[in-house]
Amino acid sequence: MSNTLQTGRAPADLPVRAPARHHRGRLAATAVVAVLIGLALGRFVFTDAAGAPSIARPGPQTPQARIAALEAAVEANPQDLPSWQALGGAYTDRAIYSSDPTFYNLADRALDRAAELEPGNLSTMLGRANLSLSLHDFRAARRLGGRIVAEDPFSAEAHGVLVDAEVELGHYRAATRRLEQMLEVDPGLPALSRTSYLRELHGDLDGAVLALQQADVAGASRGPGAATVLTLLGDALRKRGDHDAARAAYERALRIYPDLAAAEVGTARLLASDGDRLGAIRVLEALTQRVPESAALTLLGELLALQGRDDEAADAFALVEATAALQRNAGQDTDLEMALFAADHGDDPAAAVALGRRAWRDRPDNIYAADALAWTLHRAGRDRQALPLMRRALRLGTSDALLRYHAAEVFAGAGRDQQARRQLREARDTDPWFSPHHQPAAGALARRLGLQAPAAWARP
Amino acid sequence: MRRLAGVALGALAVVALLGEPAAAHPLGNFTTNTAAAMTVHPDRLDITYIVDLAEIPALQAVQRADADGNDTLDAAESRRYRTQQCATLADGLRLQAGGKPTPLAVERSELTFPPGQAGLDTMRLTCALRAALPSPDGETVVALSDTNLPDRVGWREITATSEGMTLLDSDVPTTSSSGQLTAYPQDQLQSPLDQRSATLRVRPGPGSAAQTPAGLGNALPGGVDRLAESFTALVSARSLTPAFALLAVGLALLLGSLHALAPGHGKTVVAAYLVGREGSAQQALGLGATVAVTHTMGVLALGVLLSVTDAIAPQRLYPLLGVASGLLFAGVGLLLLRQAWSARRSGGHDHAHGHEHPHDDHAGAHDHVDGHDSSHHPRGLSWRSLVAPGLAGGLVPSPSALVVLLGGIALGRAWFGVTLVIAYGVGMAAALVGAGYLLVRARERMTRRVAGHRPGRLVRLGQVLPLVTAALVTTGGLVLAARAMAGA
């Protein structure tokens, strides 16, 4: 691990507490992991600490209601350790789900109270580890996860934290080892969704779908968990080109959990892929009026721009920028996703590169951090510098059309047309609808490289 | 001196405990918060409806209202936006008066952009709404349901007061706990307010039930007078200049003395006690001071308790305190009755049946009257015996004092509230002492006059008065206790 790029700075911004799926899958991934960890933490807390009646009851449906119930519990009894721990987890979930950084401070305070009540409690430490993941302090998360596993080797949740931390830090082999341990301890929903993600990272999209289908069957009885697994399944199916199956998965997810933003974004992507751009815009406008979430706003802006509605697109992008400004103001750096956003929609390529560097520093050797930095360098016209990073990003053979398209542009920019053509073909064959924003440019590159472009890459 | 320092430290601790409100949005930068402040008038209902949009929704709103796309709202755009929004919001408020749906009309609207975090603006829309109410003959039920912005996350607040109408019953507080969405309670480990409906019962007639700080709702017993109401309004004035503070303290003094002179709370009983026991002017002072000190401590303690915990319900506490106070009085009265009875018997024997030994009787009376404190003159009042009636008189915190204190706390001016409550107590003490002194003097003069003209009567008066006052104190105490119990 390279230490030269690391500082002690507490990083953070984008709520990723686990498999950070790239851009489009990101929202779904964070939501699913949030819910899974919420469930896991709830169960862990319950089995770990006896006499926790407030946790024992079936949890209320919405995150807000759950938070309110827990706040009432700790107000009634400030010594209620399990409720403080669960509250820390609930606030963390809420911060991730809403991308509103206000809740990180609350999570921090709740976990501090729990730590005061019983120093060294493993559940509290697990909550802290999850918060560290969300705040992008992956090293702290790995340290805490390691301490928990040392004391309790059967904590599947702690193994999960270790998997996530190793993935973010780019230690994929270590992550796979940890995952195997996790699967031995508890081959449930959380382990299966991580299995799916690691398979996808290693280019096994079919295996990823299979793992999620297993998770779907395994978690059929659990509401929100099942819904988010279905959303991830929808994403994986969509990437494989199975649009009808993907739509069915999203619909099932929304039936279980009507407000699941990730499933709505997935639905919008499908609509756009099938040519119904206006329908997609309608879905996203309704969603972002309710939850002004950056990933949804970015997609909305891109679709509006393709429709020639530049003013409205600029409005959507301005909201993304404002959210990023608020996150920075709250002491949380916005990195990976904002780096890509700045490269694609910003007007200052150098600033985008700076964000890309930060992303890389927080996640040294993570393939998507390498991709983000390479892409910002490409947009700044520095393809030669981007080249080694891009190769690093491709090292796992990940089947991700956006990643492959980025690679194609970088290789082409550096004069490696042969490699560029191979990457672009890979992107086309994986998922030609990978990004409404990039598809026209992908078409132009295909024409330049003499590659047959699909209909999806036609000019808007 | 040390005790004084202790008190000062205690007051500081109270202030620190209650903390200063801050303007950060309670649920974060994505929230849209609303507050509906209802005021019922005899012929109409006014609602001030405020929408406070945090940074992100404010930006979204500006984008929608910005017709010419220059990213700012000019006067015309702003006017169109607030007019449209207020009309929509008025529609979303479902109002029923006397069971009939009643429409709300927009009277005025205002739009401002208070600066928020990260150099972004927030947005504050104020809609003044009005509905005509059919002039009610008797009680009317007014019900409001806020259906606006159902899927936006945020603070939802409703408050209700009345002017020229009596607010008999309300399930919402009368004052805003967020300073009308400008100062949200800062400690965030508590659920945000989610009040989306209100039901009020009103009746023609003056006054309303207390300007109760939010969260207390109907906690306080009704009937806080109008003076207290306007006083609380004064406390909540935005700027606190020295002149204004002095005025407020003066008013608190006046309010306290008025409260002390108003009927109820056993003041008459205390007065009767003084007269019957032939207390001195100094002892009148002592009694007044005891009542005031007990009362002030009680108010402060209850205020702190109510501010830090929801565990105690004041509506349960009040009857209990009332019963305790009444029983204490009754106990004092019974004691007096016994003393008066034996004193009368002994006095009677002195004249009618000369064969008995006066000395023995005297000793017996002495024993009964001042059994615990024989160093005092039997006919006067011992300082210690003042404590029980003093306690009884001050035990029940006056709602208006509590309202003033809680009003100060709710506004983040706890220290000011404490000052005012102390001033209130001083006013109360002054009035009680004054009244007590007057009573003592009046008794002395009456005694002298009667003694001058008809000495025989004096003896009879001297025998009857203690008995009458003792009976008065006993019944008074029992009535107070019974009333408190009935109110429970």
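How many residues join strand 1 of chain B to strand 2 of chain B in a hairpin? The hairpin between strand 1 and strand 2 of chain B runs through 3 residues.

## Basis

This is a predicted model: local features need pLDDT of at least 70, side-chain atom pairs count only at pLDDT 80 or more, and totals for chains, interfaces and linings use all residues. Residues are numbered from 1 along each chain as its sequence is written, while chains are lettered from A and ligands numbered from 1 in the order in which they are written.

## Chain B overall

Chain B holds 13 helices and 10 strands. Helices (H or I, at least four residues) and strands (E, at least two) are DSSP runs, numbered from the N terminus. Of the 488 residues in chain B, 43% are buried. A residue is buried if 20 or more other C-beta atoms lie within 10 Å of its own, exposed if 12 or fewer, and partly exposed in between, with C-beta atoms placed from the backbone.

Take the contacts in chain B between residues at least 6 apart in sequence: 78% of them join residues at least 24 apart. Two residues are in contact if their C-beta atoms, placed from the backbone, lie within 7 Å.

## The five-stranded sheet of chain B

An open sheet of 5 strands in chain B has the order 5-6-2-1-8, with mixed pairing. Strand 5 (105–112) and strand 8 (156–162) of chain B are at the edges, each with a single partner strand, so one side of each has no neighbour in the sheet. Neighbouring strands are turned by 15° against each other on average, direction ignored. Two strands pair if DSSP finds at least two bridges between them.

Strand 2 (residues 44–53) of chain B is largely enclosed by the rest of the structure, because 7 of its 10 residues are buried. Strand 1 (residues 32–40) of chain B pairs with strand 2 in the antiparallel sense over 9 bridges. Here B:T32 stands opposite B:L53, and B:A36 stands opposite B:Y49. Strand 6 (residues 123–132) of chain B also pairs with strand 2 in the antiparallel sense, over 10 bridges. In that pair B:I50 stands opposite B:T126.

## Helices on the sheet

Helix 2 (residues 55–65) of chain B lies across strand 1, strand 2 and strand 6 of chain B. Helix 2 runs at about 105° to strand 2 of chain B. Helix 3 (residues 75–92) of chain B packs on the sheet and touches strand 2, strand 5 and strand 6 of chain B. The direction of helix 3 makes about 130° with that of strand 5 of chain B. Axes are lines fitted to C-alpha atoms, for helices over the stretch in contact, and angles run from 0 to 180 degrees between N-to-C directions.

## Contact between the chains

Chain A gives 24 residues to the contact and chain B gives 17 residues. On the chain A side, the elements giving two or more residues are helix 3 (63–76), helix 5 (102–117) and helix 17 (310–329) of chain A. Helix 17 of chain A gives the most, with 10 residues.

## Helix 9 of chain A

The buried residues of helix 9 (residues 172–185) of chain A are A:A175, A:R178, A:L179 and A:M182. They pack against helix 8 (156–168) and helix 10 (189–201) of chain A.

Note on methods
The expected span of a helix is 1.5 Å times one less than its number of residues.
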